[in-house]
Amino acid sequence: MFSCFVETDLGLFGAEGDELGVSRIYLPNETLAKGPSEGPLPWDFEGQLRAYLAGERKDWNLPFSMTGSPFQLAVWYACKDIPYGSTCTYGELASLAGYPGAAQAVGRAMASNPLPLIVPCHRVLPASGGIGSYSGGSHLKQWLLHLEGALDKG
């Protein structure tokens, strides 16, 4: 297992992975398991993270590896396709993943998303309005949506 930890103005981000790619991203406010590591990630997570947070990068170019149920994987891959600067509701994401009517289950899948930012679950909002929950906290979710211009569209 490889790891990388990046201190930013928003807090400490972390990433873990293996030879297949990044398998876990930790957001500020999440517990980071700084355990034994074979060394730093062989990919430039830090550089891409810093460029993204500075508004200089819209896409991630990192190999990644996700493990989950077929439903979770369908939802996560559908979420990965939500464009930078856009949002959708949990219900819309359920339909995009091929599970119309499964908005609550999509919410649970988003809560266990192992790769926030790469799988941009911050772009998924409740149909009732507002920001909704986020593993990095609602402040970070709102900050990311403003960074992308998603909340500035009228």
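Good morning. Please keep in mind that the model is predicted.

I begin with the core. The largest nonpolar core has 41 residues. Within this core, the residues with the most contacts are F45, L93, M110 and L117. Which elements supply at least two residues each? They are the strands β1 (2-8), β2 and β3, together with the helices α1, α2, α3, α4 and α5 (138-148). Helix α2 gives the most, with five residues. As a general point, nonpolar side chains in soluble globular proteins tend to be buried together.

Let us look at α2 itself. Its buried residues include F71, V75, W76, A78 and C79. Where do they lie around the axis? They cover an arc of only 160°, so they are on the same side of α2. The background is that an α-helix has 3.6 residues a turn, so residues three or four places apart point the same way. The cover over the buried residues of α2 includes α3 (90-96), α4 (103-111) and β5 (124-125).

I turn next to F45, one of the core residues with the most contacts. Is F45 buried or exposed? Its relative accessible area is 0%, and because buried means under 20%, F45 counts as buried. Leaving out residues up to four places away in sequence, F45 touches C4, V6, G14, A15, I25, W60 and L62.

A pair of aromatic rings is described by the distance of the centres and the angle of the planes. The structure has five aromatic pairs. In one of them, F45 and W60 are stacked, at 6.1 Å centre to centre and with 20° between the planes. This pair links distant parts of the chain, since F45 is in helix α1 and W60 is in the loop between α1 and α2, 15 residues apart. W60 is buried too, at 17% relative accessibility.

A further pair, F64 and Y77, is tilted, with 6.2 Å between centres and 40° between planes. Here also distant parts of the chain are linked: F64 lies in the loop between α1 and α2, Y77 lies in helix α2, and 13 residues separate them. How accessible are these two residues? F64 is partly exposed at 23%, and Y77 is partly exposed at 42%. Ring pairs also join F45, Y52, W60 and Y84 into a cluster.

Which residues does L62 contact, beyond its neighbours within four places in sequence? They are V22, W43, D44, F45, Q48 and I118. Consider D44 in particular: L62 and D44 are 18 residues apart in sequence, while their C-alpha atoms are 7.8 Å apart in space.

Finally, I come to the strands. Strand β2 (residues 11-18) and strand β3 (residues 21-26) run antiparallel and are joined by five bridges. A hairpin of two residues leads from β2 to β3, and D18 stands opposite G21 in β3. In general, the side chains of a regular strand alternate between the two faces of the sheet. There is one more ring to mention: the charged end of R24 sits over the ring of Y26, 4.4 Å from its centre.

Thank you for your attention.

How values were computed
Residues are numbered from 1 along each chain as its sequence is written. This is a predicted model: local features need pLDDT of at least 70, side-chain atom pairs count only at pLDDT 80 or more; totals for chains, interfaces and linings use all residues. Side-chain values use heavy atoms; hydrogens and water are left out. Contact means heavy atoms within 4.5 Å. Buried means under 20% relative accessible area, exposed over 50%, partly exposed in between (1.4 Å probe, protein chains only). Helices (H or I, at least four residues) and strands (E, at least two) are DSSP runs, numbered from the N terminus. The arc is that of the directions from the helix axis to the C-beta atoms. Two strands pair if DSSP finds at least two bridges between them. A nonpolar core is a set of buried Ala, Val, Leu, Ile, Met, Phe, Trp, Tyr and Cys residues joined through side-chain atoms within 4.5 Å. Rings of Phe, Tyr and Trp (its six-membered ring) pair if their centres lie within 6.5 Å; planes under 30 degrees apart count as stacked, over 60 as edge-to-face and the rest as tilted. A charge sits over a ring if NZ of Lys or CZ of Arg is within 6 Å of the ring centre and within 35 degrees of the ring normal.
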